[in-house]
Amino acid sequence: MTDQHFLDNIWRTLGTWGRYQRIQMALHMATYGSEAFQLMIIVFIGYRPSYQCADLGNTTSMYDTLSNASLTPLYQACHVDILINGTNTTLMKLSPCPAGYTYDLEKDRTFVTEWNLVCDGAERAEISQMLLMIGQMVGAALLPQLSDRFGRKLVLVTSHIVLFAAGVTASLAPTFIVFAIMRFICGVSHQGVSMTRTVMTIELLPAESRYMTEVLGVTFWTCGIIVIAPVAYLLRNLSWRNTYLIMTMYSAYSLVGYWCVYNTYCLDYNAMVTNSNVTK
C-alpha cells in the first residue's frame, strides 16, 4: 500500500466529513476573503476620477499677473492655456498645473487623488498593482518549496499574518513609495496563502472527495469578490485609508491562526503511521 493510499484509508475510516475536516476546511475557505479583498480593493481605492488644473487663484503671483493683463486662463486636464482676451490666441501653456488639481471627488477618497497620480504621474497608480502581481510571481516561486520543507501550517499562518500586516501598513502609508512596497509584500504573501491552502484542503479528504475542495474554493472566492462592491459602497464617504483598513481587518483572525490551523500530510504522516492501530 502506498503512502497516499494509507492516508486515504485513514480519512475513510475516521469519516470523510468529520468535525475535524469541517473546522479545518472552514478556516481554509475563510482565507479566500483575505485574498479577494487585497487583490480587488485597488478598483475602489485606486479609482481615477475626472480632474483638471486647479484655479490659479491659489498661486498669488500668477493670479496678480493675469488680473493686471488682458489674459484669461483656460483650465485643461494637465495644463493651463493662457489666452489673450477677445481672441483664441494662446499666449502660453503652463504645464504641469501650477496650483495642482481639482477632482470630482474629495481629495482623500482614493490614493490617486491624495498623491496626485495623474498626468505625468499617472503610470505610478498602475505600477502599484503591477508590483502586487510581481510579488505573486515571487511568492509562487518560493513559498511552496518552503512549505514542503518547513511545514504547510507555518507558511500558511505566517503568510496570512504578513498579508494582514502589509495591508494595515499600506492603509497608513505616508508616501506612495511605502504604499507600493507594501503592495508587493501583499502579493508575495497572497501566494503563500493561496498555494499552501490549496494543498492543505486537498489533503483533508480522500481522493474521491477532493473535487469538493475546488467547488468550495470557487464558491468562497466568488463570494469574496461579490462582497467587496457593497462594502465599498457603504464606505464610500470614508477616505481610501479607512476603506482599506476596514477591509484588511477581516484578516485579523490570522493572529490566532497558529492555534487553530493544523498541519496535514507533509509533517503528520509519520505520526499517523505510528498510531495506525487507531484505525484498526
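User: Helices α7 and α10: roughly parallel or antiparallel to each other?
Analyst: Roughly antiparallel. This is a predicted model, and in it the two pack at an angle of about 165°. Angles over 145 degrees count as roughly antiparallel, so the pair qualifies.

User: How far apart are the axes of α7 and α10?
Analyst: 8 Å. Helix α7 covers residues 152–171, and helix α10 covers residues 240–248. α7 passes α10 in a left-handed crossing.

User: Which residues of α7 and α10 meet?
Analyst: From α7, F164, G167, V168, A170 and S171. From α10, W240, R241, Y244, L245 and T248. By type, the residues of this contact divide into six nonpolar, three polar and one charged.

User: And α2 with α7, at what angle do they pack?
Analyst: About 30°, with axes 11 Å apart. That crossing is left-handed too: α2 passes α7 that way.

User: Which residues make that contact between α2 and α7?
Analyst: H28, T31, S34 and Q38 on the α2 side. On the α7 side, L156, H160, L163 and G167. The division here is two nonpolar, six polar and no charged. G167 of α7 is in this contact, and G167 also takes part in the contact with α10.

User: New topic. Where is I41 found?
Analyst: In the loop between α2 (19–40) and α3 (42–45). I41 is buried, with a relative accessible area of 0%.

User: What does I41 touch, beyond four places in sequence?
Analyst: A36, R183, T243, Y244 and M247. Y244 is also one of the α10 residues that meet α7. As for I228, its C-alpha atom is separated from that of I41 by 7.4 Å, although the two residues are 187 apart along the chain.

User: Zoom out. How many helices and strands does the protein have?
Analyst: Twelve helices and five strands. The protein has 280 residues, and buried ones make up 44% of them. For contacts with a separation of 6 or more, residues 24 or more positions apart account for 74%.

User: What pLDDT does the protein average?
Analyst: 83, and 82% of the residues score at least 70. Confidence is highest in α10, at 95.

User: Where is confidence lowest?
Analyst: In helix α12, residues 265–274, at a mean of 46. Over residues 266–280, pLDDT stays under 50.

User: How many contacts beyond four places in sequence does the model have for residues 266–280?
Analyst: 16. A caution applies: where pLDDT is low, the predicted coordinates should not be read in detail.

Notes
Residues are numbered from 1 along each chain as its sequence is written. This is a predicted model: local features need pLDDT of at least 70, side-chain atom pairs count only at pLDDT 80 or more; totals for chains, interfaces and linings use all residues. Side-chain values use heavy atoms; hydrogens and water are left out. Axes are lines fitted to C-alpha atoms, for helices over the stretch in contact, and angles run from 0 to 180 degrees between N-to-C directions. Helices (H or I, at least four residues) and strands (E, at least two) are DSSP runs, numbered from the N terminus. Angles under 35 degrees count as roughly parallel, over 145 as roughly antiparallel, 65 to 115 as roughly perpendicular and the rest as oblique. A crossing is left-handed if the near helix is turned anticlockwise from the far one by less than a right angle, and right-handed if clockwise. Contact means heavy atoms within 4.5 Å. Ala, Val, Leu, Ile, Met, Phe, Trp, Tyr, Cys and Pro count as nonpolar, Asp, Glu, Lys and Arg as charged, and the others, Gly among them, as polar. pLDDT is the predictor's confidence in each residue, from 0 to 100. Buried means under 20% relative accessible area, exposed over 50%, partly exposed in between (1.4 Å probe, protein chains only).
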